[in-house]
Amino acid sequence: MASTSSLALSQALLARAISHHGSDQRGSLPAFTGLKSTGSRASSVSSRRRIAQSRNKNRSLRPLVRAAAVETVEPTTDSSIVDKSVNSIRFLAIDAVEKAKSGHPGLPMGCAPMAHILYDEVMRYNPKNPYWFNRDRFVLSAGHGCMLLYALLHLAGYDSVQEEDLKQFRQFGSKTPGHPENFETPGIEVTTGPLGQGIANAVGLALAEKHLAARFNKPDAEVVDHYTYAILGDGCQMEGISNEACSLAGHWGLGKLIAFYDDNHISIDGDTEIAFTENVDKRFEALGWHVIWVKNGNTGYDEIRAAIKEAKAVTDKPTLIKVTTTIGYGSPNKANSYSVHGAALGEKEVEATRNNLGWPYEPFQVPDDVKSHWSRHTPEGASLESDWTAKFAAYEKKYPEEAAELKSIITGELPAGWEKALPTYTPESPGDATRNLSQQCLNAIAKVVPGFLGGSADLASSNMTLLKASGDFQKATPEERNLRFGVREHGMGAICNGIALHSPGLIPYCATFFVFTDYMRGAMRISALSEAGVIYVMTHDSIGLGEDGPTHQPIEHIASFRAMPNTLMFRPADGNETAGAYKIAVTKRKTPSILALSRQKLPQLPGTSIEGVEKGGYTISDDSAGNKPDVILIGTGSELEIAAQAAEVLRKEGKTVRVVSFVCWELFDEQSDEYKESVLPSAVTARVSIEAASTFGWGKIVGGKGKSIGINSFGASAPAPLLYKEFGITVEAVVDAAKSLF
């Protein structure tokens with residue numbers, strides 16, 4: 001057992017934290033019998049903080065947030081084994097970080113009690129099948145504390161995290177990287193690390209559950225029924241993305257989303273008093289959340305249990321459980337300080353912590369009785385899945401049509417022949433903006449792909465993204481497929497990541513003006529990293545949007561996304577290419593796709609095709625022989641028309657010209673060398689590219705002797721035709737560039 005004086009210090013530190021937050025929360029303080037705050041304060045607390053605390057002691061304020069009612073819940077497990085299990089989690093984290101000589105031990109040490117209760121007593125999952133559909137989902141939004149999650153997966157019996165994996169924490173090729181990665185470690189739902197992304201992903205996961213439950217559950221058959229849990233910290237709370245996503249969660253009434261706020265008032269720079277003093281409870285209440293405060297997150301197991309029980313009873317809104325903890329709980333000299341946040345404790349402090357918490361075991365050793373206690377999750381998990389499988393089989397017999405749709409969403413298997421629904425066009429078809437052609441594709445796909453849903457950041461009528469056969473997903477109509485994100489691009493992208501990672505057959509799309517990808521680039525990068533096949537519908541793709549001017553005109557954006565790994569950057573030129581881009585985007589479930597679409601009307605070009613888009617780059621016209629044109633003109637999007645017109649001018653002057661659409665560089669890179677040579681023969685060095693965007697990167701396409709026409713400055717406010725002329729995005733510019741190469 002831990003020494004009384006050492007534990008008294010840790011509890012006193014907790015009391016100090018509650019005293020600080022209690023002054024803001026206006027709630028009564030719990031009694032810590034026999035404990036006194038005799039230890040020195042963390043060095044990060046300023047004199048200004050002490051003055052504020054002194055003033056706060058004299059306040060007489062009403063309670064804002066009610067603490068969990070512990071008397072209503074009986075412990076489900078013997079408290080001694082809970083203590084031992086919680087400390088097992090702590091020391092697995094401590095030992096792994098110490099061995100790696102890097103990591104974040106503080107969060108796992110502080111959050112171990114709430115995490116233990118979640119994984120051992122509350123959550124439903126099958127450790128031998130991490131992908132069982134109806135499992136509860138857990139997201140560690142504060143991803144730096146990932147040893148907490150690895151320890152839980154190890155104890156619960158997941159094959160992905162063995163003892164040796166814990167010993168390889170943060171090492172190359174291990175299953176236990178420095179932040180949780182869903183593509184590396186089965187049992188990890190989403191990739192977290194950039195703060196705030198995880199809680200937004202959790203909103204997406206909870207949205208998916210609410211949507212699928214509303215669509216497929218029947219009064220006599222509930223086949224979709226699971227919770228989404230998350231742990232987020234002060235850093236997540238500070239990031240704006242969390243407020244965007246949590247605002248939507250409250251608006252949508254995601255009652256099966258339960259988030260635990262690790263309220264330890266420590267960040268990397270020190271005490272949060274230096275930069276974060278808002279009333280989080282009141283903010284979440286204003287966002288439409290139910291809020292509970294667990295005052296003793298260190299040892300108040302029954303408080304945590306009661307809070308979860310209360311949260312589950314609230315079905316019409318998400319719940320935030322603020323759990324006041326001591327970061328680095330149990331460390332005699334580093335608990336409650338920034339020094340335990342992001343560095344190994346050090347050999348001496350590890351030993352001191354072992355002595356403090358009465359832990360006689362060797363590094364990475366899990367006591368036999370703890371192993372035995374957790375071992376039940378393997379048979380229990382198998383039973384949970386088996387029961388659900390039987391329930392689904394009965395559902396399938398009674399509701400075969402709905403079952404087929406749900407099975408498609410669960411497995412990711414697209415309906416046979418779905419792509420035949422995509423529209424096709426001829427040169428005689430009316431010209432149109434590719435954003436409008438995109439809307440035709442979206443609505444065609446929605447009719448045949450049951451997991452297709454999405455929306456826009458308050459620009460649906462401009463992005464042209466409404467599904468005409470569906471209503472709006474709202475609190476009272478969660479079965480609908482139009483998602484209204486409001487002006488929240490960053491939250492939108494991260495929520496869509498959560499939707500995509502919920503089930504293989506859920507295919508979310510989201511939309512805004514292309515320039516506003518700047519607001520959600522962090523979420524888009526996580527899409528690529530975590531293999532979430534979100535479809536980003538980005539309209540107003542160039543100076544062609546006209547009068548709104550340079551604030552709205554993307555320049556460097558296409559090049560920046562071409563540089564992003566595992567991302568498909570499409571810029572279709574007409575209807576066939578837009579349909580081709582969607583065909584690829586829907587099938588690429590582990591790669592996000594970005595479609596840059598025009599505001600201005602474009603013609604349906606001869607030679608374009610859905611099949612050509614699959615190659616990334618392909619020839620749309622060529623009057624040469626023997627794969628030896630005099631010049632190759634290369635265009636994308638609205639400039640492919642310009643390249644085609646320039647080709648006609650040059651051909652009239654006796655030159656042989658090949659016109660190539662380079663709709664998606666990444667797909668072209670995947671083609672064989674033989675195919676690439678058939679499109680861009682190495683012997684032909686006379687090449688001209690044209691794109692109303694930065695020329696960055698085009699050198700690898702046109703080569704050292706080629707020419708690139710583009711825009712390497714910001715745009716301007718004027719009608720689009722004038723802008724194209726002023727910036728030299730013209731047929732004449734292409735012809736002149738080509739002639740300079742002969």
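Trainee: Which residue stands opposite Cys-510 in β11?

Mentor: The model is predicted: local features need pLDDT of at least 70, side-chain atom pairs count only at pLDDT 80 or more, and totals for chains, interfaces and linings use all residues. Residues are numbered from 1 along each chain as its sequence is written, and side-chain values use heavy atoms, with hydrogens and water left out. Strands are DSSP runs of E of at least two residues, helices are runs of H or I of at least four, and both are numbered from the N terminus. In β11, the residue opposite Cys-510 is Tyr-536.

Trainee: How many bridges pair β10 with β11?

Mentor: Two strands count as paired if DSSP finds at least two bridges between them. β10 and β11 run in the parallel sense, and their number of bridges is 5.

Trainee: How many residues of strand β11 are buried?

Mentor: Buried means under 20% relative accessible area, exposed over 50% and partly exposed in between, using a 1.4 Å probe on protein chains only. From β11, Ile-535, Val-537 and Thr-539 point one way, Tyr-536 and Met-538 the other way, and all are buried. Strand β11 (residues 535-539) is therefore largely enclosed by the rest of the structure, the buried count being 5 of 5.

Trainee: Which residues of β8 point the other way from Phe-452, Gly-454 and Ser-456?

Mentor: In a regular strand the side chains alternate between the two faces of the sheet. Strand β8 (residues 452-456) has 5 of its 5 residues buried, so β8 is largely enclosed by the rest of the structure. Opposite in direction to Phe-452, Gly-454 and Ser-456 are Leu-453 and Gly-455.

Trainee: What is the bridge partner of Leu-453 in β10?

Mentor: β8 runs parallel to strand β9 (residues 482-484), with 3 bridges, and there Gly-454 stands opposite Asn-482. β8 also runs parallel to strand β10 (residues 507-513), with 5 bridges. In β10, Leu-453 is partnered by Pro-508.

Trainee: Which residue of β3 stands opposite Thr-228?

Mentor: Strand β2 (residues 228-232) is mostly covered, with 5 of its 5 residues buried. β2 pairs in the parallel sense with β1 over 4 bridges, and Thr-228 is the bridge partner of Arg-137. β2 also pairs in the parallel sense with strand β3 (residues 257-263) over 5 bridges. The residue of β3 opposite Thr-228 is Leu-257.

Trainee: Is Lys-128 buried or partly exposed?

Mentor: Lys-128 sits in the loop between α4 (106-122) and β1 (137-140). Its relative accessibility is 42%, so Lys-128 counts as partly exposed.

Trainee: Which residues does Lys-128 touch, not counting residues up to four places away in sequence?

Mentor: Contact means heavy atoms within 4.5 Å. With residues up to four places away left out, Lys-128 touches Gly-157, Asp-159 and Thr-378.

Trainee: At what distance does the side chain of Asp-159 make a polar contact with the side chain of Lys-128?

Mentor: A polar contact is a pair of N or O atoms within 3.5 Å; within protein, one must be able to donate a hydrogen and the other to accept it, and residues adjacent in sequence count only if both atoms are side-chain atoms. The side chain of Lys-128 also reaches the backbone oxygen of Gly-157 at 2.8 Å. Asp-159, in the loop between α5 (147-156) and α6 (163-167), is partly exposed at 48% relative accessible area. Between the side chains of Asp-159 and Lys-128, the distance is 2.7 Å.

Trainee: What is the volume of the largest pocket?

Mentor: On a 1 Å grid over the protein atoms alone, a cavity is a set of points where a 1.4 Å probe fits but cannot get out, and a pocket is an open set with protein on both sides within 12 Å along at least five of seven lines; lining residues have an atom within 4 Å of a point. Grid points are joined across faces, edges and corners, and a volume is the space filled by probe spheres set on the points. The lining has 28 residues, of which Tyr-131, Asn-182, Leu-501, Ser-503 and Pro-504 lie nearest the centre. The volume of the largest pocket is about 600 Å³.

Trainee: Which helix gives the largest share of the lining of the largest pocket?

Mentor: α14 (377-398) and α18 (489-502) each supply at least two residues of this lining. The largest share, 3 residues, comes from α18.
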